[in-house]
Amino acid sequence: MNLIQRPRRLRISSGMRDLVRETELSPRDFVYPIFVVPGDHIKEEIPSMPGCYHYSVDQVANLAREIAAHGIPAVEVFGLPEYKDEIGSSAWDMTSPVQRAITAVKEAVPQLLVVGDVCLCQYTSHGHCGVLHDHYVDNDVTLPHLVQTAVSQARAGADIVAPSDMMDGRVSAIRAGLDAEGFVNTSIMSYAVKYASGYYGPFRDAADSTPAFGDRRQYQMDPANVREALKEAALDVQEGADIIMVKPALAYLDVVRQVYEMTDRPIAVYNVSGEYAMVKAAAANGWIDEQRIVLETLMSMKRAGAKIIISYHAMDAADWLNA
């Protein structure tokens, strides 16, 4: 007898679908990015990122409590400095908004994990991610400044530092620098695979980090390459990275999967500003079901192998998942 195969039996009801579901999405998977700025009593919406805001440090404690109440376990702190210079020295200034915000979050909600973004682009007068020599970003001269930045964030209370600059050798340099200062339990979440992507536009508005000239293809990865991504991830594992990130997420899910399969480190992805802004714009025009699209998109990242999803949708998604 030729029996018909009936996979639909396992899709016949919501209870059955829940029972056999292969991938689960939870608020515990999310990291919520926050942007801090100089000043007081500031909460200003970022025009290209509806629903996201610039906050002054005095607003951060209440924001941290709100994020934790959604069941989200971590935040990543980005910021605009009081001043910029050629080497980005405000990146490791303990009085800068990022360091003060990290401390404010940990004091308000000690159990909330704080990730510090380690890069120089928003702190340099030229908008590039390192020290310049004749329009060339000098890798080795930049490394000590990244170490100073990571150590300052750990000193402020960061649980995780996340180098996003794409300088060669920065993970080993930061690990050595953290250990030398006694921060042996501070984790490194490396932006190991960071592409030179068009999806970053709204973030550059939010962080005031658009390069004054040229672009970042000299040090960020070519979107055409995947074998290079595996090499970058392997190098960062060797250098001591605790978590490996792929950025952006949505257009690079094939890369996420391949990185997941080649390492035993937890995989993070960044659901970046351009991905967020496109969804918000389409939803505002009534062209898509925002909730359904967001949850489906985040699920695709989890399904591809990501354990950690950094997303501006995180609080909305947590509400929908908790409903």
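Which residue is the bridge partner of Ile-160 in β9? In β9, that partner is Ser-187, and the strands named here, like the helices, are DSSP runs numbered from the N terminus, with at least two residues (E) for a strand and at least four (H or I) for a helix. This is a predicted model, in which local features need pLDDT of at least 70 and side-chain atom pairs count only at pLDDT 80 or more, while totals for chains, interfaces and linings use all residues. Residues are numbered from 1 along each chain as its sequence is written, and side-chain values use heavy atoms, with hydrogens and water left out.

**Strand β8 and its partners**

- Strand β8 covers residues 160-163, where Ile-160 and Ala-162 point one way while Val-161 and Pro-163 point the other way, and all are buried (buried means under 20% relative accessible area, exposed over 50%, and partly exposed in between, with a 1.4 Å probe and protein chains only).
- Strand β5 (residues 113-118) pairs with β8 in the parallel sense over four bridges, and Gly-116 stands opposite Val-161 in β8; two strands count as paired if DSSP finds at least two bridges between them.
- Strand β9 (residues 187-194) also pairs with β8 in the parallel sense, over two bridges.

**The annotated binding site**

- In an unreviewed UniProt entry, the annotation "binding site" covers Ser-273 and Tyr-312; UniProt positions are given in the numbering used here, feature names are shortened, and annotations may be inferred rather than shown by experiment.
- These residues span 40 residues in sequence, yet no two of their C-alpha atoms are more than 7.5 Å apart, so they gather at one spot.
- Ser-273 is placed in helix α9 (residues 273-284), and at 1% relative accessibility it counts as buried.
- The side chain of Ser-273 reaches the backbone oxygen of Tyr-199 at 3.5 Å.
- Tyr-312 lies in the loop between β12 (308-311) and α11 (314-322), and at 4% relative accessibility Tyr-312 counts as buried too.
- Leaving aside residues up to four places away in sequence, Tyr-312 touches several residues, including Tyr-32, Met-49, Phe-203 and Ser-273, where a contact means heavy atoms within 4.5 Å.

**Cysteines**

- A search of the whole structure finds zero disulfides, a disulfide being a pair of cysteine sulfur atoms within 2.5 Å.
- Cys-121 is in no disulfide, and the nearest cysteine sulfur, that of Cys-119, is 4.0 Å away.
- Cys-119 is buried, with a relative accessible area of 1%, and Cys-121, at 7% relative accessibility, counts as buried as well.

Notes: Polar contact = N/O pair within 3.5 Å; in protein donor to acceptor, adjacent residues only side chain to side chain.
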